[in-house]
Amino acid sequence: MKLFVGILLCSLVLGVSSQRWLTFLKEAGQGTKDMWRAYSDMREANYIGADKYFHARGNHDAARRGPGGAWAAKVISNARENSQRVTDFFKHGSSGHGAEDSKADQAANKWGRSGKDPNHFRPAGLPNKY
């Protein structure tokens with residue numbers, strides 16, 4: 001836990017070097033909310049094949065907030081994928097989220113953070129609500 005907090009604080013300091021702290025923290029908080037909203041929508045939609053769309057959308061929305069939002073999106077995305085690898089290790093790969101799926105998720109995350117349209121990953125038939 002201490003290591004995680006240390007890494008988080010070091011990343012925060014490096015990300016804030018050229019910006020005011022309060023602005024960066026506000027953007028990071030807003031970006032975190034954007035990521036949570038995309039995750040909640042993904043769970044609510046429960047739509048097969050929509051995973052990558054929600055990854056891209058959450059990262060896209062967060063990154064649009066500014067450097068703090070982009071930082072939050074990257075940290076959250078990396079933490080999610082890394083935690084998934086750990087759980088897969090203990091489940092012996094039974095969760096269906098292997099290395100290839102993780103790479104595809106990270107590609108969608110980067111796509112969204114780069115400002116590209118998340119609808120590129122939108123599956124046909126996904127309700128317009130999302």
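Me: Which residue just after H2 takes a positive phi?

Reply: In this predicted model, Asn-46 does, with a phi of about 45° just after H2. Asn-46 lies in the loop between helix H2 (21–45) and helix H3 (51–63).

Me: What makes a positive phi in a residue other than glycine worth noting?

Reply: Most residues other than glycine have a negative phi. Asn-46, with phi near 45°, is a residue other than glycine with a positive value.

Me: Why is Asn-46 called exposed rather than buried?

Reply: The cut-off for exposed is over 50% relative accessible area. Asn-46 has 67% relative accessibility and therefore counts as exposed. In H2, by contrast, Ala-45 is among the buried residues, as are Ala-38 and Asp-41.

Me: Why is H2 called roughly antiparallel to H3?

Reply: H2 and H3 pack at an angle of about 160°, with their axes 8 Å apart. Angles over 145 degrees count as roughly antiparallel, so H2 is roughly antiparallel to H3. The crossing of the two helices is right-handed.

Me: Which residues of H2 and H3 meet?

Reply: On the H2 side they include Ala-38, Asp-41, Met-42 and Ala-45; on the H3 side they include Phe-54, Arg-57 and Gly-58. Leaving aside neighbours within four places in sequence, Phe-54 is in contact with Ala-38, Asp-41, Met-42, Ala-45, Leu-126 and Tyr-130.

Me: What makes up the largest nonpolar core?

Reply: The largest nonpolar core has 6 residues: Ala-45, Ala-50, Tyr-53, Phe-54, Leu-126 and Tyr-130.

How values were computed
Residues are numbered from 1 along each chain as its sequence is written. This is a predicted model: local features need pLDDT of at least 70, side-chain atom pairs count only at pLDDT 80 or more; totals for chains, interfaces and linings use all residues. Side-chain values use heavy atoms; hydrogens and water are left out. Helices (H or I, at least four residues) and strands (E, at least two) are DSSP runs, numbered from the N terminus. Buried means under 20% relative accessible area, exposed over 50%, partly exposed in between (1.4 Å probe, protein chains only). A nonpolar core is a set of buried Ala, Val, Leu, Ile, Met, Phe, Trp, Tyr and Cys residues joined through side-chain atoms within 4.5 Å. Contact means heavy atoms within 4.5 Å. Axes are lines fitted to C-alpha atoms, for helices over the stretch in contact, and angles run from 0 to 180 degrees between N-to-C directions. Angles under 35 degrees count as roughly parallel, over 145 as roughly antiparallel, 65 to 115 as roughly perpendicular and the rest as oblique. A crossing is left-handed if the near helix is turned anticlockwise from the far one by less than a right angle, and right-handed if clockwise.
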